[in-house]
Amino acid sequence: MKILMPEANTLTKGDIDLSAFEEFGDVVTLTNPTREELKKEIADADAIFINKTVLNEELLGCAKNLKYIGECATGFNNIDIAYCKEHGITVTNVPDYSTNAVAQQVFAYILAHYSKVNEYNEFVANDGWVKSDTFAPFVFDTDELFGKTLGLVGYGKIGKAVAKIANAFGMNVLVYTRSYGRALEMSKGSRGETDKTVLEGFLNRTESYVTYVSLDNLLKHSDIVSVHCPLNEESENLFCTETFNKMRRGAFFINTARGPVVNENDLKEALDSGRLSGAAVDVVKVEPMEKDCPLKGHPKCIVTPHVAWAPESTRKRLVAVVLKNFEKYLKGTPQNIVD
């Protein structure tokens, strides 16, 4: 069995052992292959493990032996699932492995923005405190999280983990999801009033410290807006000038979901105008980031290179599930199948 791994470097930098894959067959690893190189290598591959490699019909059409795709991530929008179904290719993913890591990153952003730890550390390193005429120089404006309102767009595993942390800080949590939006529309009577009985079953499923609201209400009342929805036709460019203008002035915006959810030029404009006090993103529209990305180097925007999911302990968990997925598939009892 030929096992192709064109993105092994996204799983390990040498700190995680991938030798267990060799127990299943002959492993071929590639580093930053071109599409032509991929076409050549996938032609006789039986299985492939990917992360962000785009497996479209053009590439999959070259893979005459391919029976299994192991997505080494939760999202699978990079795979032509319809083609795989038609040609009997099993696709599995790894749900939930990075929940705690991404939730942690969200609050790293929030704390960095409101506590100004980095700014004060730099101030001290540059002798600002040494030269100060008071024991506590108030150089940067800081603020408490207690009592602030956090708005979550999307409420899957990660959103729920973020909400739980927010509750521990004494924050208010608002949530908007597509399913709630549909339920809200279905609940409206002929006069436009909301029939709460239609929403009752939906709302009873969530935690007591979370309040479901419409997207407009979430934007209007949130001090912080954090995005946790999947990328699809409805969410692409969801955050644009129109959306940012509905947000509370001075709000803080976070995206750890997918880059195309945000119009980057519009986000830059919202930061430049002061509509937003700051932003933090772990994802951008094109990755690796292009040199002319409008968010690159922006003084009000924290940018990390898609690493919220990547602590060593998280990647170890990921690899363990990827291996288990493949083992279960080979035994005829597949798990985590993408439908």
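**View 1. Strand E10 is mostly covered.** Five of the five residues in strand E10 (residues 251-255) are buried. This is a predicted model. Ala251, Phe253 and Asn255 point one way from E10. Phe252 and Ile254 point the other way. Residues on both sides of the strand are buried.

**View 2. E9 and E10 run side by side.** Strand E9 (residues 224-227) pairs with E10 in the parallel sense, over four bridges. One place to look is serine 226, whose bridge partner in E10 is isoleucine 254. How does the chain get from E9 to E10? The path goes through helix H10 (residues 241-246), and this β-α-β crossover is right-handed.

**View 3. E10 also pairs with E11.** Strand E11 (residues 276-281) runs parallel to E10, and five bridges join the two. Find phenylalanine 253 and look across to E11: alanine 279 stands opposite. Here the chain crosses from E10 to E11 through helix H11 (residues 264-273). This β-α-β crossover is right-handed.

**View 4. The structure holds one cavity of 30 Å³ or more.** The largest cavity has about 30 Å³ of space. Which residues line the largest cavity? They are Asn255, Gly259, Val262, Glu264, Leu267, Val281, Val283, Val284 and Leu295. By class, six lining residues are nonpolar, two are polar and one is charged. Some of these names belong to elements seen in the views above. Asn255 is part of the lining, and this residue is also one of those that point one way from E10.

View 5. Threonine 243 has its place in helix H10. Is threonine 243 buried or exposed? Its relative accessible area is 7%, so threonine 243 is buried. Now leave aside the neighbours within four places in sequence. Threonine 243 is then in contact with Leu219 and Leu238. Helix H10 itself is the one the chain passes through between E9 and E10.

View 6. Threonine 149 lies in strand E6 (residues 149-153). Why does threonine 149 count as buried? The cut-off for buried is under 20% relative accessible area. Threonine 149 has 12% relative accessibility, so it counts as buried. Valine 173 is 24 residues away from threonine 149 in sequence, but their C-alpha atoms are 5.8 Å apart in space. Beyond its neighbours within four places in sequence, threonine 149 is in contact with Asn172, Leu174, His221, Ser222, Asp223 and Ile224.

**View 7. Strand E3 pairs with E1 and E4.** All the residues of this strand listed here are buried: Ala47 and Phe49 point one way from E3 (residues 47-50), and Ile48 and Ile50 the other way. Two bridges join E3 to strand E1 (residues 2-5), and the two strands run parallel. In that pair, leucine 4 has isoleucine 48 of E3 as its bridge partner. Strand E4 (residues 68-71) also pairs with E3 in the parallel sense, over four bridges. There, the bridge partner of alanine 47 is tyrosine 68.

**View 8. Two residues have positive phi without being glycine.** Asparagine 32 has phi near 50°. This residue is found in the loop between strand E2 (26-29) and helix H1 (35-42). Lysine 116 has a phi of about 55°. This residue lies in the loop between helix H4 (99-115) and helix H5 (117-125). Lysine 116 is buried, with a relative accessible area of 18%.

**View 9. A cis peptide bond joins glutamate 287 and proline 288.** Omega is about 0° at this bond. Proline 288 lies in the loop between E11 and strand E12 (301-303).

View 10. Step back to see the protein chain with its 12 helices and 12 strands. Along its principal axes, the C-alpha trace spans about 70 × 65 × 35 Å. Of the 339 residues, 46% are buried. Next, take the contacts with a separation of 6 or more: residues 24 or more positions apart account for 63% of them.

Conventions
Residues are numbered from 1 along each chain as its sequence is written. This is a predicted model: local features need pLDDT of at least 70, side-chain atom pairs count only at pLDDT 80 or more; totals for chains, interfaces and linings use all residues. Side-chain values use heavy atoms; hydrogens and water are left out. On a 1 Å grid over the protein atoms alone, a cavity is a set of points where a 1.4 Å probe fits but cannot get out, and a pocket is an open set with protein on both sides within 12 Å along at least five of seven lines; lining residues have an atom within 4 Å of a point. Grid points are joined across faces, edges and corners, and a volume is the space filled by probe spheres set on the points. Ala, Val, Leu, Ile, Met, Phe, Trp, Tyr, Cys and Pro count as nonpolar, Asp, Glu, Lys and Arg as charged, and the others, Gly among them, as polar. Buried means under 20% relative accessible area, exposed over 50%, partly exposed in between (1.4 Å probe, protein chains only). Two strands pair if DSSP finds at least two bridges between them. A crossover is right-handed if, with the strands pointing away from the viewer, the path from the first strand over the helix to the second runs clockwise. Contact means heavy atoms within 4.5 Å.
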